[in-house]
Amino acid sequence: MTAHELFKGGGEMGARIRELDWSQTLLGPVATWPQSLRTAVTIILGSRFPMMVHWGPELVHFYNDGYATILESKHPGALGQPAEPWWREMWPFLVDIFRPVLAGETTYFENSLVLPNRKGFVEEAYFTFSHSPIYDEQGQVGGIFVTALETTSTVLQQRRLALLSHLTAQTALSALPAEAAQHLLGALATNPADIPFSLLYTHEATARHAQLRAWFGLPAGEPMAPTTLPADFAAPNGWPLAEVLHGGQPLLLENLPERFGKWPADLNAELPTRAILLPLLTVPTSRTVSVLILGLSARRPWDEAYQAFFTLVADYAGRALARAATMHEAQRLNQALREANTSLDSFVHIVAHDLKGPATNLERLLDVYHESSPGPEQDYIVSLVEKEVHRLTSTIQGLLQVLHTQHGAAGSTPERVALAEVYATVQAEVAELLHQQQGQLVADFAEAPTVYFPRIYLESILKNLVSNALKYSDPARPLLIQVRTHQQPGMVMLTVMDNGRGIDLSRDRERLFQPFTRLTTEGQGSGLGLYMIQTIVQQRGGSLEVMSTPGKGTTFTVVFPEALPA
C-alpha cells in the first residue's frame, strides 16, 4: 500500500508524509515499513497534541502539526531524517534520554530545560515531555514515541514574577538611597538567566559625571563597568548614558563585545551581546536621576514578554529608589525640625533673658525714682532709665531682624550682583569709622567679580563682616581689612580677612554664631550679625566658615553656590 492509502488527514504534516519520496530515505518505500511504524505514524497524525516518532537505529523523524510549531526552523527539513545531525547542539542531553527508552523504559520530565538551536542561536527553552518505547513485530524496541508540550513561557513568567516579588520585598526594607541601590541589585542578581549583569548609575543635577552606585555580573572599574560616566556628551564607545539622561527613554544597545572589546574571561561562555539602558522614576523634587543598565540573555529572544518584564523591572526599581529618597528626605526634614525646635527653645530662652534684665531694672529704677527727692539724684535715675529703654529697644529690634532673616531671606529674589558695587556702598558707610581708627580697607574681585544672590542680603553680609573687623581691631597696629573673592567649581567664595585681635576658637567657636552673643563689651551691637549671616547663606545652600588666631587676626569665608546656566 502507498502512503496516500495508509495515512489519512493529519493537516500539513499528513500531506508532507504522503508526498515525500520515502524510497530515497533510510526507511525505504512505505510498503516495506513494519505495521508497528505505520500504526505509530497514524496515531500522531490523528492527534492535535505535539507528537513525534523516532524510528530505527538512526532514529528517523516523524512528527505532526503540533510538533512542527516546536521545531520552528528545523521544520520541515527534519522529516524523514536521522535525529543526530538535526539535534547536534543538544545530542548528549538527548542520548541520555533515549538510552533507557531503547532499553524498554518510559520516561517523563516536567518543565525540563533544553537548549535547542531553532532560531539561529542556542535557546533557553522548557518542555514537559514523555518518551515511550515502540515495539516492532519481533517484540524489540524499534522506535521511540514522544509527546511534548513546551512550557517555556510559563517557566519564564513564574521566574520573572518571583524576581519582581523578591525585588519588592527587599527594597521595601530600605531606608536610605544607598541601601535601596544595593538591595535592588541584590534582588536582580537572583535571576542571572534573564539578567546576566546590571549596573546602576546615578547623576546629580550639577555634576558632569554619573557615578556607579551598585553592580553585579561585571567587575567595577573595567571598561564595561566604569566607576564614572560622562553625563553631558555621548562617548563613541562605552555606555551612551548621556543619550538616556537627555532623552529620558529606554535604549537598546546591540553588539556589546564589538563595542567594548575583550570581555572579562570569568564571564559565562554565553556572553550577552545586548543590553538595555532604562531611565528610572525619580521624585519630582529630586536633583538626582538614575539609569539602570541590564544585560540581556544571549539565550532568549528580545520578544514582547522580555520587553514587558524589563518595563516592570524599571518601574519597580524606580519606585524603590524614589521611596527610599522620599523616606530619607522625610527623615532629614524631621531631624531639621527637631534641631529647629531645639534652636527655638534656646532662642526663646536667650530673648526672655535679654528682655527680663532691662524690664526688671526699669521696675527697680522707677521704685527708686518715686522714693527719691527731686534734683540731681532723680536726673541720674532718668539717665539710667533711658539706658535700659535703649537696651530693651535694641533687643526688640534684634528680634525683628532675626525673624525677618529666617522668614524673608529664603524667599528673596536672587540676581547677578557686581561685588564692586556692593563693596562701594559698604565702604562709604564705614569710611568715617575707618578713618578714626586709621585703618585701611582693600578689595580684589578679579577672580569672581559677580555672585548670584539677593543684593540686599549681600550688602548686609559684607557690612557685618567689615564692621566686625573694625570692632575687633588691635590698637597695637594699624587695621588692615582685605576683601577678596575666589572661584571654585560650582561656587564663589568671599573672604574678609583682618589683622585684628583674633578669636580664641577653642573657647568661643560654639558661641560665635549664637544669637544675642557678644564676645566683647566694647562698642555697640546686639550680637546678631554672625548669626544672621550664617542663617542667610545656609538657607540658600551656602556656608560661613571662620579661621582665627588670637593676636594675629581673623578670616571669615562665605561660600555662595553658583547658579546653574539657564
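1. Two strands are taken to pair if DSSP finds at least two bridges between them, and helices (H or I, at least four residues) and strands (E, at least two) are DSSP runs numbered from the N terminus. On that basis, an open sheet of five strands has the order β13-β15-β16-β18-β17, with mixed pairing. Its edge strands, each pairing on one side only, are β13 (440-444) and β17 (543-549). Neighbouring strands of this sheet are turned by 15° against each other on average, direction ignored, where axes are lines fitted to C-alpha atoms, for helices over the stretch in contact, and angles run from 0 to 180 degrees between N-to-C directions.

2. This is a predicted model, in which local features need pLDDT of at least 70 and side-chain atom pairs count only at pLDDT 80 or more, whereas totals for chains, interfaces and linings use all residues. Residues are numbered from 1 along each chain as its sequence is written, and side-chain values use heavy atoms, with hydrogens and water left out.

3. The secondary structure of the protein comes to 16 helices and 18 strands. Of the 566 residues in the protein, 43% are buried, which here means under 20% relative accessible area, against over 50% for exposed and in between for partly exposed (1.4 Å probe, protein chains only). Among contacts (heavy atoms within 4.5 Å) between residues at least 6 apart in sequence, 59% join residues at least 24 apart.

4. Helix α13 (residues 419-436) lies across β13 and β15 (480-488), running at about 175° to β13. Buried residues of α13 are L419, V422, Y423, V426, V430 and L434, and what covers them includes β12 (415-418), β13, β14 (450-453), α14 and β15. In general, an α-helix has 3.6 residues a turn, so residues three or four places apart point the same way.

5. The geometry of α13 deserves a separate remark. A kink of about 55° is centred on V430, the bend at a residue being the angle between axes fitted to the seven residues ending there and the seven starting there. With 18 residues, α13 reaches 25 Å from its first C-alpha to its last, close to the 26 Å expected at 1.5 Å a residue, the expected span being 1.5 Å times one less than the number of residues. Q438, which follows α13, has a positive phi, near 55°.

6. A nonpolar core is a set of buried Ala, Val, Leu, Ile, Met, Phe, Trp, Tyr and Cys residues joined through side-chain atoms within 4.5 Å. The largest such core has 44 residues, of which F7, V53, F62 and Y63 touch the most other members; helix α3 (residues 35-45) contributes its largest share, five residues. Apart from it lies another core, of 38 residues, among them V430, V466, L479 and V558.

7. Leaving aside neighbours within four places in sequence, the contacts of V53 include L37, A40, I44, I134 and F145. Strand β1 (residues 51-55) pairs with strand β5 (residues 141-150) in the antiparallel sense over five bridges, with M52 opposite V146 in β5. Strand β4 (residues 125-135) also runs antiparallel to β5, joined by nine bridges, and in the hairpin of β4 and β5, which has five residues between the strands, G139 takes a positive phi near 80°.
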